[in-house]
Amino acid sequence: MRIVSVNAWGGAMFDALVEWLPTCRADVLCFQEVTRTPGLRGWTSFDDTERQLPQRANLFDDLRDALPDHQGFFVASDAGPVMDGDGHQHRQDFGLAIFISQQIPVIGQAAAFVHGDFVDHEVWATTDRPRVAQAVRLVDRAADRRILVTHLHGLRDAAGKHDTPARRRQAKRLIEVIGTLREPDDLVILGGDFNLLPNSETFELLAKEGLVDLVGDADTRTSRYLKPVRHASYLLVSDISAVKSFEAPATPEVSDHRLLVLDV
């Protein structure tokens, strides 16, 4: 089974993303920074006090169109204003999505906030935005086992990626979310854009739950990201012997984050 995780950057590199999707051979795809604006397609502009970014109006539906052999699940963390090309304002949901091959039975789902709660922003905040985790429990028929896949987009702090009390609470809450579905013999896979440094205490807490980080201090950014700190995305597993291969390839570039590609 192939599991892919990537921060999709709101679809800012949409053409490269949809060109890559038919070739990726992924059974499960975890996307962070997914947009959803009911009734609107195409491009929008996202603005906060730090930046302006092009975003797909409805990246969730775009992905669903590009992945017809997968079923998709979206969960919103917050929402706020975006502008279309004609200067009209719309309310856009922002969150996570998982796409799972139609051939794989889904036998459990969970989603819950790991930081804050849903906010309808009048103006997008630059820091301390709410964060949600999303989990699915699957049947891996080929290996005769259950797999629990969880991902999140971790708290962004304008001060940096260092440990904070809020991030400690986020880690503990994440462990609780995983625990709502986890059974003793499950292979647990946890990924996403954690917005953390490799030495974060979050990984110590997750290690106590039997989760081993595969990324370490590897570069998980693409050439589109110009800041010096190159750590953000991670992928952890509960059984290292189940890993056939793992990589964070420099190409193709479909975001300012590298793809994380795991075969188990």
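I started in helix H3, where Arg173 and Glu176 sit three residues apart, so about one helical turn separates them. The model is a predicted one. I looked up the pair and found a salt bridge, with the closest N and O atoms 3.0 Å apart. Next I checked accessibility. Arg173 is partly exposed at 29% relative accessible area. Glu176 also counts as partly exposed, at 47%.

**Asp256 and Arg221**

I then turned to Asp256. Asp256 forms a salt bridge with Arg221, and the closest N and O atoms are 3.3 Å apart. Asp256 lies in the loop between strand S14 (245–247) and strand S15 (260–263), while Arg221 lies in the loop between strand S12 (212–213) and S13, so the pair ties together parts 35 residues apart in sequence. Are these two buried or exposed? Asp256 is buried, with a relative accessible area of 8%. Arg221 counts as buried too, at 5%.

**Asp93 and Arg36**

I searched the whole structure and got 16 salt bridges. One of them pairs Asp93 with Arg36, with 3.5 Å between the closest N and O atoms. This pair links distant parts of the chain: Asp93 is in strand S6 and Arg36 in strand S2, 57 residues apart. Arg36 is partly exposed, with a relative accessible area of 30%.

**Largest nonpolar core**

I went on to the core. Which of its 24 residues touch the most other members? They are Leu174, Leu190, Phe194, Leu206 and Leu236. I listed the elements that each supply at least two residues of this core: strands S7 (106–115), S9 (131–140), S10 (145–153), S11 (187–193) and S13 (233–237), plus helices H3 (165–181) and H4 (201–207). H3 gives the most, with six residues.

Leaving aside neighbours within four places in sequence, Leu236 is in contact with Val188, Ile189, Leu190, Phe194, Phe203, Leu206, Leu211, Val212 and Asp213.

**Helix H2**

Last, I looked at helix H2 (residues 59–66). Its buried residues are Leu59, Phe60, Asp61, Asp62 and Leu63. What covers the buried residues of H2? The cover includes helix H1 (14–20) and strands S2 (28–36), S4 (52–56), S5 (70–84) and S6 (89–101). S2 and S6 are also the strands that hold Arg36 and Asp93.

Methods:
Residues numbered from 1 in each chain as written. Predicted model: local features only at pLDDT ≥ 70, side-chain atom pairs only at ≥ 80, totals over all residues. Heavy atoms only, no water. Buried < 20%, exposed > 50% of the residue type's maximum accessible area, 1.4 Å probe, protein only. Helix = DSSP H or I, 4+ residues; strand = E, 2+ residues; numbered from the N terminus. Contact = heavy atoms within 4.5 Å. Core = buried A, V, L, I, M, F, W, Y, C linked by side-chain atoms within 4.5 Å. Salt bridge = Lys/Arg side-chain N within 4 Å of Asp/Glu carboxyl O.
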